[in-house]
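Hello,

Here is the structure I promised to pass on to you. Please open it next to this email, and my notes follow below.

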Amino acid sequence: MVIRTPLLLSLLVTLAALVHAIPTLRRRDADIESLYGITALRRDHSGKRGDNKQKYFHESTFHPHYDGRFADKVLSYDDRRANLVVMMKTYLSAMHEIGTETWIMHGSLLGWWWNRKIMPWDSDVDVQVSEAGMDFLAAYHNMTIHHYQLPGEAKGRDYMLEINPHYVNGSTADKLNVIDARWIDTHTGLFIDITALRRDKEAEAKGMKGVMMCKDKHRYEEAQIFPLRDSFFEGIPVKIPYAYAELLEEEYGTKALTRVNFEKHHFDEEKMEWIPLK
């Protein structure tokens, strides 16, 4: 027999409330001063001073796909590509260890379509998680630093998972905060954009069922995303949406799946690689 005292009952109620509570994130712009010891910079190269005060993530002043708290210049073509590949591998490893399901989308999914790799002209990576997954990351892993030993680097590399506190506002009207979280390379300033996939409440109110959306105004049928498929990306296991071809055609058009010349590159079907045009 289990005897529950009033104090124990009170504790159980409190714990249950904590487990089911929606996480509330305090607005916490991680300025460069608070990141000393993590960033090698002493001057902020982000656009924070010029951005709207309601915008959380501040991209660098020299390139929109670098975090100016960790970088003051763009990388070379080869260095950028190599670092993006490593960053993708560390992100997927971290999400696996944390227990949060994630999948690639947008330009990264298009790269997967062609040769299961990041396209060489891309300067970022796009992934999604469920809204419940974002809740979990926000509650337990916001602003965490993840250290990985990398080949050729004696000290390894640190990556920061940062959640935008505005993610709890699922409205597309919040145009300044369409990115819900980022996985940031604290050495190069490169990052992975993470968006939360949510139920489209406006569509549901109109009687449409199974419609999903992200704050960046992308909308999907639930059956286009789930069940997720297992595949490989940059040589490692990854999840992709179920109706990947349909999604890519909707976003980029049918020619994007067949055009072999793009962004000053040619796709070599024998090598299965995008080759820069001279």
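Below is what turned up, beginning with the backbone and then moving to the rings.

Please keep in mind that this is a predicted model.

**Backbone**

Most peptide bonds are trans, and most residues other than glycine have a negative phi.

The bond that joins F226 to P227 is cis, its omega being near 0°. You will find P227 in the loop that runs between α6 (222–225) and β9 (229–233).

R116 is not a glycine, yet its phi is positive, at about 65°. This arginine belongs to the loop between α3 (106–115) and β2 (125–130). Its relative accessibility is 36%, so R116 counts as partly exposed, a class that lies between the 20% limit for buried and the 50% limit for exposed.

M272 also has a positive phi without being a glycine, here near 55°. Look for M272 in the loop between β12 (265–268) and β13 (273–276). Because its relative accessibility is 38%, M272 counts as partly exposed.

**The helix before R116**

R116 follows α3, and that helix is mostly covered, with 9 of its 10 residues buried. The buried residues of α3 include H106, G107, S108, L109 and L110. Further along α3, G111, W112, W114 and N115 are buried too.

**Aromatic rings**

How many aromatic pairs are there? The count comes to 14. One of them is formed by F62 and Y66, a tilted pair with 5.7 Å from centre to centre and 45° between the planes.

Ring pairs link W114 with W121, F262, F267 and W274 into a cluster.

**An arginine over two rings**

Which rings does R182 lie over? One is F57, where R182 lies over the ring face at 4.8 Å from the centre. Another is F191, with the charged end of R182 over the ring at 3.9 Å from its centre.

Happy browsing, and write back with any questions!

Best wishes

Terms used. Residues numbered from 1 in each chain as written. Predicted model: local features only at pLDDT ≥ 70, side-chain atom pairs only at ≥ 80, totals over all residues. Heavy atoms only, no water. Helix = DSSP H or I, 4+ residues; strand = E, 2+ residues; numbered from the N terminus. Buried < 20%, exposed > 50% of the residue type's maximum accessible area, 1.4 Å probe, protein only. Phe/Tyr/Trp six-rings, centres within 6.5 Å; stacked < 30°, edge-to-face > 60°. Lys NZ or Arg CZ within 6 Å of the ring centre and 35° of its normal.
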